[in-house]
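Welcome! Here is a short briefing to read alongside the sequence and the 3D view.

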Amino acid sequence: MVELRALAEELKSRAEEAAMIRSMAERTTALIDGLPKGRGGCRSMMEEMTLRLTAAEERYQRAAEELFWRRASATAAIIENVSDAAARRILLSRYIDGDSWHVIAARMFYSTRQCLRKHNEGLRELSGGAE
C-alpha cells in the first residue's frame with residue numbers, strides 16, 4: 001500500500017507538471033517571422049512549449065497506467081482470499097472489470113438483490129467479520 005501511495009503522489013506530481021506547462025504554453029505566442037529567437041536554438045517558443053507539454057503528458061499517462069495496473073493487481077490479490085467462489089466472482093466483476101450490478105446479475109443468473117447480498121458477504125469476510 002505504501003508503494004501505491006507513492007505512485008499516486010507521483011501521478012499527482014505529473015498532472016501538476018503538465019498543468020503548469022500547459023499554462024505556460026497558453027501564454028506563449030507564436031513567432032510570425034519564423035526566425036529563431038533567443039537561446040540560439042532553432043525552435044520557436046511555441047514549439048518548445050508544445051514539445052515539453054507532450055513529454056509531460058506522456059509521463060503522466062505512463063504513471064497513470066502503472067498505478068491503475070498495480071491497484072488492479074493488489075485488489076485482485078485481496079479478492080482472491082474470499083472463500084465463496086460466487087462472492088469472489090462478483091467482487092472481481094465489480095471491482096476489476098467494472099461491471100454494473102445488472103450485468104453481473106445477468107451473467108451469474110442471480111437477481112440484483114442476490115448479487116448485492118453475495119457482494120456484502122464477500123466484503124464482510126475480507127474485513128474479518130465472516131459469520
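Helices (H or I, at least four residues) and strands (E, at least two) are DSSP runs, numbered from the N terminus. By that reading, the chain has five helices and zero strands, in the order α-α-α-α-α along the sequence. This is a predicted model, in which local features need pLDDT of at least 70 and side-chain atom pairs count only at pLDDT 80 or more, while totals for chains, interfaces and linings use all residues. Residues are numbered from 1 along each chain as its sequence is written, and side-chain values use heavy atoms, with hydrogens and water left out.

**The chain as a whole**

- Of the 131 residues in the chain, 22% are buried, where buried means under 20% relative accessible area, exposed over 50%, and partly exposed in between (1.4 Å probe, protein chains only).
- Contact means heavy atoms within 4.5 Å; among contacts between residues at least 6 apart in sequence, 53% join residues at least 24 apart.

**The nonpolar cores**

- A nonpolar core is a set of buried Ala, Val, Leu, Ile, Met, Phe, Trp, Tyr and Cys residues joined through side-chain atoms within 4.5 Å.
- The largest one has seven residues, namely Ala86, Ile90, Trp101, Ile104, Ala105, Met108 and Cys115.
- Helix H3 (85–95) and helix H4 (101–108) are the elements that give two or more residues to this core, and H4 supplies the largest share, four residues.
- Leaving aside residues up to four places away in sequence, Cys115 touches Ile90, Trp101, Ile104, Ala105 and Tyr110.
- A second, separate core has five residues, among them Ala18, Ile21, Leu53 and Ala56.
- In soluble globular proteins, nonpolar side chains tend to be buried together.

**Ser93, a residue of H3**

- Ser93 sits in helix H3 and counts as buried because its relative accessibility is 5%.
- Its contacts, not counting residues up to four places away in sequence, are Gly98, Asp99, Ile104 and Arg107.

**Where H2 meets H3**

- The axes of helix H2 (residues 45–79) and H3 come within 10 Å and cross at roughly 165°; axes are lines fitted to C-alpha atoms, for helices over the stretch in contact, and angles run from 0 to 180 degrees between N-to-C directions.
- H2 and H3 are therefore roughly antiparallel to each other, a label for angles over 145 degrees.
- On the H2 side, Thr75, Ala76 and Ile79 meet Arg88, Leu91, Leu92 and Tyr95 of H3.

Note on methods
Parallel < 35°, antiparallel > 145°, perpendicular 65-115°, else oblique.
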